[in-house]
Amino acid sequence: MDPTLKSALAQPSVLLFGALRIALPTYTIRLLDGSGTLQIGGETYVGCDDVFGTIAELSELSEEVGDQAPEITIKLFPPNLSAAATLASPDMQGCSVQLLVGAVNMANGAVMGVPEVVFLGEIDVPTVEIDARGERSVTFTVVSVFERLFEVEEGQRASNGWHQSIWPGELGLEHMTGTDVNLYWGAKPPQGNNHKSGLAGWFANAPAVKASMPR
């Protein structure tokens with residue numbers, strides 16, 4: 001934690017704020033959890049965004065250990081139908097989301113130190129809701145960046161094309177056109193398969209070579 005922020009939180013009385021940053025494909029939403037305007041990291045955060053409205057609700061954050069990546073929900077009140085349609089678009093999936101917590105100097109209204117990033121994730125599923133009073137809202141399910149650790153890389157191949165898609169210009173597999181050895185790249189061999197993978201498998205299955213010495 002930033003030393004200035006840590007010192008501020010140690011005071012008997014402190015004015016806290018929450019901030020939300022959503023990086024859309026063509027626009028960045030920067031919202032506060034209340035009215036007002038703050039400068040954070042050279043960017044302006046406001047209580048109400050002219051294009052996409054305000055924060056309606058944030059789910060509670062919790063820390064736990066398990067086999068699933070954490071997720072939160074964020075509800076926004078868009079000002080009109082056009083904004084709601086944009087927020088609910090499939091293009092929003094994967095957009096970066098940050099939640100920050102910081103402190104404000106009550107004397108001059110300036111942010112104290114560097115706000116703490118308490119959640120970093122990406123939009124998973126947007127949902128449009130209309131309540132009984134006709135108020136329209138958009139709710140995002142936001143998954144942690146650790147969600148990508150659970151992805152199965154089924155498309156990985158020991159090929160020049162795949163290799164260079166990860167490391168452009170690295171030509172270690174440039175002349176690989178095929179192999180008669182099953183290379184299980186980034187995955188475990190199928191159950192019950194006794195065939196070894198990688199170089200160990202090649203050496204285990206390679207025919208014996210006898211060296212002859214000239215007489």
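Author: The count comes to 5 salt bridges, a salt bridge being a side-chain nitrogen of Lys or Arg within 4 Å of a carboxyl oxygen of Asp or Glu. This is a predicted model, in which local features need pLDDT of at least 70 and side-chain atom pairs count only at pLDDT 80 or more, while totals for chains, interfaces and linings use all residues. Residues are numbered from 1 along each chain as its sequence is written, and side-chain values use heavy atoms, with hydrogens and water left out.

Reader: What makes Arg-21 and Glu-43 a salt bridge?

Author: Their closest N and O atoms are 3.0 Å apart, and the limit is 4 Å, so the pair qualifies. Arg-21 lies in strand S1 and Glu-43 in strand S4, 22 residues apart, and the pair links distant parts of the chain. Strands (E, at least two residues) and helices (H or I, at least four) are DSSP runs, numbered from the N terminus.

Reader: Why is Arg-30 called partly exposed?

Author: Buried means under 20% relative accessible area and exposed over 50%, with partly exposed in between (1.4 Å probe, protein chains only). Arg-30 has 22% relative accessibility, so Arg-30 counts as partly exposed.

Reader: How do you know that the rings of Tyr-27 and Phe-52 are edge-to-face?

Author: A search of the whole structure finds 1 aromatic pair. Its rings, those of Tyr-27 and Phe-52, have centres 5.4 Å apart and planes at 65 degrees, so the pair is edge-to-face. By the rule, rings of Phe, Tyr and Trp (its six-membered ring) pair if their centres lie within 6.5 Å; planes under 30 degrees apart count as stacked, over 60 as edge-to-face and the rest as tilted.

Reader: Is Phe-52 buried or exposed?

Author: Phe-52 counts as buried because its relative accessibility is 6%. Tyr-27, at 30%, is partly exposed.

Reader: How many disulfides does the search find?

Author: The search of the whole structure finds 0 disulfides, a disulfide being a pair of cysteine sulfur atoms within 2.5 Å. As for individual cysteines, Cys-48 is partly exposed, with a relative accessible area of 47%, and Cys-95 counts as buried at 7%.

Reader: Why is Pro-90 called exposed?

Author: Pro-90 has 70% relative accessibility, so Pro-90 counts as exposed. Pro-90 is placed in the loop between helix H2 (81–87) and strand S7 (96–104).

Reader: What makes S3 and S4 a pair of strands?

Author: Two strands pair if DSSP finds at least two bridges between them. Strand S3 (residues 37–40) and S4 have 4 bridges, in the antiparallel sense. Thr-37, for example, has Val-46 in S4 as its bridge partner. S3 and S4 form a hairpin with 2 residues between them, and Gly-41 in the turn has a positive phi of about 60 degrees.

Reader: Over how many bridges does S6 pair with strand S9?

Author: S6 and S9 (residues 136–144) pair over 6 bridges, in the antiparallel sense. Glu-71 has Val-143 in S9 as its bridge partner.
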